[in-house]
Amino acid sequence: MAGEAVKALRNRSTALILLVALGISIIVSALVSAFNSGHPNPVSVSLIGPFLGVWPLVVLASTLVTMEYSTGMIQHSLAITPSRLRFLTAKLLLVVAVSVVAGTVVAFASFGVSQLVLGAADMPTADLTDPETFRAVTVTGLFAVVYPLISACLAFMTRHAAAAMLLTLVVAFFPLVMGELGSSWWAEVAVRFAPGGPMESLTGQAIPGTVGYLSPALAVLVTVVWLGLFVAAAIISDSRRDA
């Protein structure tokens with residue numbers, strides 16, 4: 001983990017990508033809050049920015065993995081740490097740590113800016129002292145780990161950053177697109193059980209009776225199963241390939 005952290009910090013793009021993620025989230029949240037007509041849900045409005053801000057983290061996750069192969073550093077990494085499983089685990093744990101910390105900062109910063117803009121426009125605002133609001137913002141930050149971790153796993157499988165990012169986009173949006181084009185039954189399944197679907201329920205934005213709602217326990221289970229499948233696929237693929 002210490003070695004992976006050093007490599008991430010020495011990567012010139014790491015700080016820039018994190019700043020881009022923060023900037024996108026705050027700017028989008030501010031703009032949506034400022035130009036949203038009527039009386040928007042102050043919590044939902046503030047969470048739009050962090051959803052977009054997670055995609056720079058997807059780029060960072062795939063880059064942190066594939067730079068080992070593009071630079072030839074993988075030969076030295078495996079010479080120092082011959083265990084592929086140990087190396088892969090350290091890399092994925094780094095992605096998890098960076099994504100959770102960055103996602104949490106982004107979520108709370110976007111929420112704060114959004115509420116300031118809404119308040120200045122004399123529209124309803126939300127307060128973090130409300131347990132439901134605090135849960136929504138916190139879960140949004142923690143959920144930022146999902147797509148970056150999937151991207152990192154796909155990067156281990158493809159060893160190409162662009163391919164990993166493209167496949168992550170497919171994983172994120174293909175079920176939703178097919179849900180819009182398919183039957184109502186498929187739409188309900190796609191919205192609920194896609195990798196990103198449980199976030200709506202865990203943040204409280206999807207309520208019982210709506211299409212995307214899952215009970216908290218089932219929402220957590222769906223998320224864990226998806227991530228477990230991608231991690232397992234990455235481990236199997238990496239163990240069967242040459243450095």
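The chain exposes about 12,000 Å², of which carbon and sulfur atoms supply 73% (Shrake-Rupley method, 1.4 Å probe). The model is a predicted one, in which local features need pLDDT of at least 70 and side-chain atom pairs count only at pLDDT 80 or more, while totals for chains, interfaces and linings use all residues. Residues are numbered from 1 along each chain as its sequence is written, and side-chain values use heavy atoms, without hydrogens and water.

**Overall fold**

- The secondary structure comprises 12 helices and 0 strands (DSSP runs, H or I of at least four residues for helices and E of at least two for strands, numbered from the N terminus).
- The radius of gyration (over C-alpha atoms) is 19 Å, close to the 18 Å that the globule rule gives for 243 residues, so the chain is as compact as a globular protein of that length; the rule is 2.2 Å times the number of residues to the power 0.38.
- Along its principal axes, the C-alpha trace spans about 60 × 40 × 30 Å.

**Burial and contacts**

- Among contacts (heavy atoms within 4.5 Å) with a separation of 6 or more, 74% are between residues 24 or more positions apart.

**Helix 5**

- Within helix 5 (residues 73–80), Ile-74, Ser-77 and Leu-78 are buried.
- The buried residues of helix 5 pack against helix 1 (2–10), helix 4 (48–70) and helix 6 (84–120).
- Gln-75, His-76, Ala-79 and Ile-80 are exposed on the face of helix 5 turned away from its buried side.

Conventions:
Buried means under 20% relative accessible area, exposed over 50%, partly exposed in between (1.4 Å probe, protein chains only).
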